[in-house]
Structures are given as structure tokens and as C-alpha cells.
Amino acid sequence: MEDVFVQKELNGGYCNSLTQYSRFLTREVNIGDIPMGGLNPIRIQSMTTTDTMDTIGTVEQTIRMVNSGCEYVRITAPSIKEAENLANIKKELLFRGYKVPLVADIHFTPNAAESAARIVEKVRVNPGNYADKKRFENIEYTQQAYQAELERIYKKFTPLVKICKEYGTAMRIGTNHGSLSDRIMSHYGDTPRGMVESAMEFIRMCEDQNYYNLVISMKASNTQVMVQAYRLLVATMVKEGMNYPLHLGVTEAGDGEDGRIKSAVGIGALLEDGLGDTIRVSLTEDPEFEAPVAKALALRYENRARITGLSTEREKIKIQDLPYQPYEYNRRQTKPVQHIGGHHHPVVMLDVSKENLKDPYFLGVVGYKYSAGLDKYNMADQACDLVYLADGLPSFSFPGNLKQVYNYQTWLGLADKNNCHPLLPFSDYEKTELKDEHLNLVSIDAVEALNANLGILKENVVLVLETDAIHGMAAQRELFIKLLKDNLQIPVIIKRSYPELHADDLMLSAATDLGALFTDGLGDGVWINAAETIGLPLVNATSFGILQATRTRISKTEYISCPSCGRTLFDLQETTQLIRSRTDHLKGIKIGIMGCIVNGPGEMADADYGYVGTGPGKITLYRGKEVVKKNVNATRALDDLIDLIREDGNWVEVK
């Protein structure tokens, strides 16, 4: 293979280092005038939502996207007519002074891909449906029959590769979790390994034709699956002497805060380990709102120090020696203390020490609505579990299921310690004689903890793990590795403080730093500290949003909604909001909202119910992957969806 750089320092795994930030060096790929990979910055891209045949509309949206920060713009080409119209779009953009590289998005139609490859700078193909098929059939293959299928795909795929070579066009081989072919599903199952093998087959076909101008992606709406698949892809490529650049994205992330948090969890976990050469944040919003989110994620790594202050001795952790499996989810085993750790879902802890502790109504914003007439609290689904009051003493009774945490000396002086627990630094723990018989929170810095004798902590202790390291996620992860290797099953609340960040950056940073750990099953609780100007409602919502996005604690309805494109058959933003307005009280239910058959049913993967556009004004409803009602009139499709949920016994009335 020509000009291949094999990552020398890779310790037999998916990233350069587990303890310091080090970007994984990939092959440089030229896409128009903007190269990707190698030593280039992390590139930003998005996708148009206009009809590709609407030349002026697509051009004007593309310009808005470029002005918002997009360096590449992807446009759908579902058939040859759209592919050919890319020439008119490109011509008009050049006339207006925009040379942004264009990417043709292809599904199912090789002739459209071959036409587009002669016009634009890059084409994206999905191995699951480009020359393969998905009908949800389980097929038994002999080795000979499987090889015959690969040869058939090779013949169908090769013409595109030859055109790309001739015209200098780049290609993204974009595997999606929800659209794995029946052949891959039957052979490897619905797994990260299946996603990787799906891409590797096409990569090997390209290399057989001496074509290396490739970018690879492993997208999923499930952040755990997405992260595992990218890691496995890198490990597999390294094993085979490859280092193609990576396109990162979480499919169907949704909109608003949920979409931003979910995207940051998946993309951020990989960026933390130095993976990723281009980002697309998929929000169910206008595409010009995606680039600023992607830019904010990438910006954290532009100036991050390569050395984070950890000693060279600690840098010797090798991925193959990890005491946990980075390619599959397993929660770290702990001995529960009260309702923290063990099989209990991760808890949410908040600092309320600066609130008005004479007013019980402030607890309403963290999930406990006070009724003065009844003198009782109503608990919401996103009600925090612990509150830190420091040295403040409330003048009212707290809800019985909300634990109060005080600084040790203040706790010591409480006349009534019922449901009240101390927080003390690790350095004071051993010399403190009186401890709470139920729950003691002990705080320690992650780097200091590496040299501490944590074995002195007794059974009623929960560790509060803090860090101010530049690469703080890795510092905290290293402490979890120590706990696992020493078989110390102490529950851990992960604490991060962001005193200088505004609301949007707080959400993205916290989702990255904390989400990366929870995705690997590390952590029994979350404690986010922010500037007073941020407010408790956002900190509480972000905490629960991170746990929801990592699928470690489900506290609300999950919407797997695609970001829209030129194939979309209805107004996705309006429809998503309408569906949300009538179903957002259905805790734990996952609803897929897909604009066209390309993104459904496959792309909604593990949704409980699906709402998929199948024609102008027509919707098809799914129960899981099963079609329940075809071509329902859009005016009554939501009512039919609710009837379906009710029929299954999953509907609850709004209280």
C-alpha cells in the first residue's frame, strides 16, 4: 500500500494514549482545496435539507451553511437526475464566489454515484445499501456463497472506484448501525463488529484497485454502539496497516439540548482519545445551526496540551491490559451504599448552597414541586438524588427521598442527622473519628488518588472524584483503572466544574467529559458545578441528559429523529415538535421520526415505535422493525401512533 503511515506508538489498540491527549495521525485525503486528516485541523461539515432539484434554494442554503462554519457541504442525490443537477449547483456556487467542496450522498443507486463522482469533490456511499440489500431476512451462508456475494458487490462497486480515481474524487465509506445489510446481519449480527466488517469489505475492494482517497464513518443513534464501532474500526485498520481519516457523527441525535448533549457524548468520547478528522452534528434543525455545535466540540482540542501533567510512568497503560472491555458495555461492579452504586442507576447530585434555603419552592427546578396547601412535594422524573448545601442550613423540611450533603463540621453539629450526610476530603477521612453510619462522601483529586491508599475507605463510603487536569477525563479514567485493578468496589460520583463556561459550552463540555466515562460503564453518579448565572434547571437537565444519552439512566421519552435532507417528505422540525408535545411524558419509550424510507426503519435501529415518511402526505408506522400501518394520511398519523402505543399498554395519561 502506497505511502502508509503506521501508528508507531499505538499500544495494540484504538488510540495513542489513555492518559494524555494525542491525536491519532491519519492519512491526508484531498477534498477539493480543503484536505482532511494528517496534520490538518478537524474539519466541520453538514448536509442540506432542500430539494436537490431546487438549484437556487440549495445554493442559498449552502451559502448560509458555509457562513456558519461548514467546510464541506453534503447534498443528497437519490437518483441520477439529482446527481446531474449537482453540476448546476456547483456552477452557481462558483459564480457567487464559493468554492466549498460538495459531497454527494448516495443510497441504493450506483448510477447516481457514478454520475456525481464526475461532478463533486466527494461521494458518500453506505455499504449496507449501495450494492447490498436489507429486507430484515436471516440468511444462512456457506463460505462459498458468502464469497460469491462479495464478488457480486465487487463488480457493482468497481466502476465507481475507477471513476473516483480518474476524476480525483474522494469517497466516504459510511456504515450506519441501522442499515447493515441482511448479509452482514446474518453473519455478524447487529454489532459493532458487523459495522466494522461492512466498511472493511469496501475498503479492501478500494485498495485492490489501488484507490486510497477514503474517509470512513461508523454512525449510530446509540452512543455506546457508535463509540465501540469507531474504536474497533481503528484497531482493525491498524492491524491491517491502514490509517484512513474518520468522519464522526451520531445519527438522528434529535433537536435542542437533547441533540446537542447526545452528539457531544458520542463525538466527544472519541475526540478525547484523539480520534476524528471531520465532524457532522446531526440535529433536527436547520443545517446552519449544526456547524457552530461541531466547531465548539472541535475547538477544545485545537490548543490542548499534549502532556497533561501525568508522569511518564503512568503513560505505560496499554489498551490490551485494560481491566475493562472498550469494545462493549459493562458497568463497573461496585458494592452499593444506600442507593448509590451496585445495580442502582447513576445518581444526580447538585450544589444548592447558593440558593435561598428559606424557600422550598426553589426545589421545583430540580424535580421537587412543593405544594403549600398540602405541605408535600410532587416528584418529577428528572428529580435529583442528592443536594450539597455546604454550610447552609435550610429553614424548611426537605423531601424524604432527597439526600442532603453538608461539609463535615456542619454535619457534625446537626441535631437531626436523618437523611443528612457528610462530605469530607480524603486527607481527613482516616483521622475523623465520627462518621455517618449510612453514607459518607469522600472527595479526592483524580491525580492525587493514584498514589493514595484507597483501601482504607470503609463500606459506607462513596468517592467524589474531582479533577482540574487539562485532560481531565483521562485523569479520572486512570483512577477507575486503578480501582478495577485493585478490586476496590467503591461507588464513585464523577464531579466536574465549569465556572467560566456559558450554557451552550457547559452542555457540550460536560457531555464530552462525563459521557466518555459513563459510555464505558465507569461512574455511579454525576455532579456538575457551573457558574451561578447558568442556573440549576440547566445543570439538572444536562446531568440527566448525559445519563439518558449514555443509556445509563432513562428519565424521559427518547426521540430518534433524523436531521432532514432533500429526501425528506414532511417538515421534520414541525412534526418532531408535534409528536414531542403529545408523547414527552412517556418515560423510557423510544420513538423514531424519519423523513424517508432511507432513514427508516433501519436508521431508527432500536426504537420502540417508528413514524416514517413514505410518500407525499403519507406515513408508515412501525412497532420496532415491524410495519404496522402503511401509507397513513399524515393528518391522522400521530393519532394512529398514539393508538398503537395505547394498544400495546404503553400509554399513560398526562397527570
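Start by selecting R477. In this predicted model, R477 has 2% relative accessibility, so the residue counts as buried.

Next, select R496 and D513. Their side chains meet in a salt bridge, 3.5 Å from N to O. R496 sits in strand β17 (residues 492-498) and D513 in helix α14 (residues 503-519), so the bridge ties together parts 17 residues apart in sequence. Both R496 and D513 are buried.

Move to R124 and D105. A salt bridge joins their side chains at 3.1 Å, N to O. R124 is in strand β4 (residues 122-125) and D105 is in strand β3 (residues 102-106), 19 residues apart. R124 and D105 are both buried.

Then pick R193, E197, R204 and E240 together. Salt bridges link these four in a network. The count for the model comes to 35 salt bridges.

Now turn to the rings. The whole structure holds ten aromatic pairs. One of them is F396 with F398, a stacked pair at 5.1 Å centre to centre, with 5 degrees between the planes. F396 and F398 are buried.

Finish with charges over rings. K435 lies over the face of Y429, 4.6 Å from the ring centre. At W527, the charged end of K495 sits over the ring, 4.0 Å from its centre.

Notes: Residues numbered from 1 in each chain as written. Predicted model: local features only at pLDDT ≥ 70, side-chain atom pairs only at ≥ 80, totals over all residues. Heavy atoms only, no water. Phe/Tyr/Trp six-rings, centres within 6.5 Å; stacked < 30°, edge-to-face > 60°. Buried < 20%, exposed > 50% of the residue type's maximum accessible area, 1.4 Å probe, protein only. Lys NZ or Arg CZ within 6 Å of the ring centre and 35° of its normal. Helix = DSSP H or I, 4+ residues; strand = E, 2+ residues; numbered from the N terminus.
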